[in-house]
Amino acid sequence: MGSAPWDSSRNLSKKLEMRLLILLIAITFSNGLFSQEVTPFSIGETRTFKSEILDEERTLNIYLPDSYHPDSSRAYPVVYLLDGSRNEDFIHVAGLVQFCSFSWINTLPETIIIGIGNVDRKRDFTYPTTIEQDKKDFPTTGGSAKFIDFLEKELKPYIEQNYKVLEEATLIGQSLGGLLATEILLKRPTLFTNYIIISPSLWWDHESLLALEESAFKTDRSIYVGVGKEGRVMERTAKELYKKLRQNAIVKNRVFFNFFENRDHGDILHEALYDAFEKLFDKKNN
């Protein structure tokens, strides 16, 4: 038997009702009545200030622990991160520091991170070279002394004035940043409490940093040196740096080294930093 006319009409009516309902839902969502609120997600803040020493604007990316509050009396240790631009090491190092400060990990205390954004790292992280070809290939190099003045006389006072920080300050540098961290350690050691030096480019200028007088390596700082499978020169010079520091350390058990044979220059940072945090800060290992 065929359907009665009113059955067809009723089916058509249901189809129209369904289409109208779908249209109404679409309009509702487009108007945002059912949509969830979207808010920005931030892991820190960015500040820009004028450096008189460098005669340029410098950008800082800053991670603050969840417990940080400007009205609180609590102060925090600070990590100063070279290569701290947003598209360099800031985001993933901030994540690692936050992870290591979890209560059930507790390798690190809650820590403020100051990521120093780069303008010209070849200029800022290197001292003058005697190699003529390097002068031609990298004409802006040789400005580390001015950059170290910037760290000491402008950046650290700026952070101490604007944030609740402890005296304990750690410097992290990799590659050319490791070269700069080594130079600061040997020439102005009291600028930082702890030095984490990863894959340092100590080949610079015929390895002249390693040729400094033995007294330059006398240290009471806490130091970690790490290097991966990065070639004969990189591996040898990193090990030589550690050996000189260890021999001249006032407190020898505060100088650490690790060779990561399964890592190279590109992927060593995270594993080396985790190891450095455990050795330098974990109370279970100290």
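User: Is arginine 74 buried, exposed or partly exposed?
Analyst: The relative accessible area of arginine 74 is 41%. Buried means under 20% relative accessible area, exposed over 50% and partly exposed in between (1.4 Å probe, protein chains only). Because 41% falls in that middle range, arginine 74 is partly exposed.

User: What kind of model is this, and where does the numbering start?
Analyst: This is a predicted model, where local features need pLDDT of at least 70 and side-chain atom pairs count only at pLDDT 80 or more, while totals for chains, interfaces and linings use all residues. Side-chain values use heavy atoms, with hydrogens and water left out, and residues in each chain are numbered along the sequence as written, from 1.

User: Which residue does arginine 74 meet in a salt bridge?
Analyst: A salt bridge here is a side-chain nitrogen of Lys or Arg within 4 Å of a carboxyl oxygen of Asp or Glu. For arginine 74, the N to O distance is 2.9 Å. The pair links distant parts of the chain, 36 residues apart: arginine 74 is in the loop between β2 (56-63) and β3 (76-81), and its partner in the loop between α2 (90-100) and β4 (112-116). That partner is glutamate 110.

User: How many helices and strands are there in the chain?
Analyst: Both are DSSP runs numbered from the N terminus: helices are H or I with at least four residues, strands are E with at least two. Counted that way, the chain has nine helices and eight strands.

User: Which helices does the salt bridge of arginine 236 and glutamate 207 tie together?
Analyst: The two side chains meet at 2.6 Å, N to O. Arginine 236 is partly exposed at 34%.

User: How exposed is aspartate 55, the salt-bridge partner of lysine 50?
Analyst: The N to O distance in this pair is 3.6 Å. Lysine 50 counts as partly exposed at 37%. Aspartate 55 is exposed, with a relative accessible area of 58%.

User: What is the count of salt bridges, and which residues form a network?
Analyst: The count comes to 20 salt bridges. The network of linked residues is Glu56, Arg58, Arg123 and Asp124.

User: At what angle do α2 and helix α9 pack?
Analyst: Axes are lines fitted to C-alpha atoms, for helices over the stretch in contact, and angles run from 0 to 180 degrees between N-to-C directions. For α2 and α9 (residues 269-281), the axes are 11 Å apart. The angle is about 35°.

User: What classes of residue make up the contact of α2 with α9?
Analyst: Contact means heavy atoms within 4.5 Å; on that basis residues including Leu96 and Phe99 in α2 meet residues including Leu273 and Phe277 in α9. Ala, Val, Leu, Ile, Met, Phe, Trp, Tyr, Cys and Pro count as nonpolar, Asp, Glu, Lys and Arg as charged, and the others, Gly among them, as polar. The tally is nine nonpolar, two polar and no charged residues.

User: Leaving aside neighbours within four places in sequence, which residues does lysine 218 contact?
Analyst: Lysine 218 sits in the loop between α7 and β7 (222-228), and at 56% relative accessibility it counts as exposed. Its C-alpha is 8.5 Å from that of lysine 244, 26 residues apart along the chain. With those neighbours left aside, its contacts are Asn248 and Ile250.
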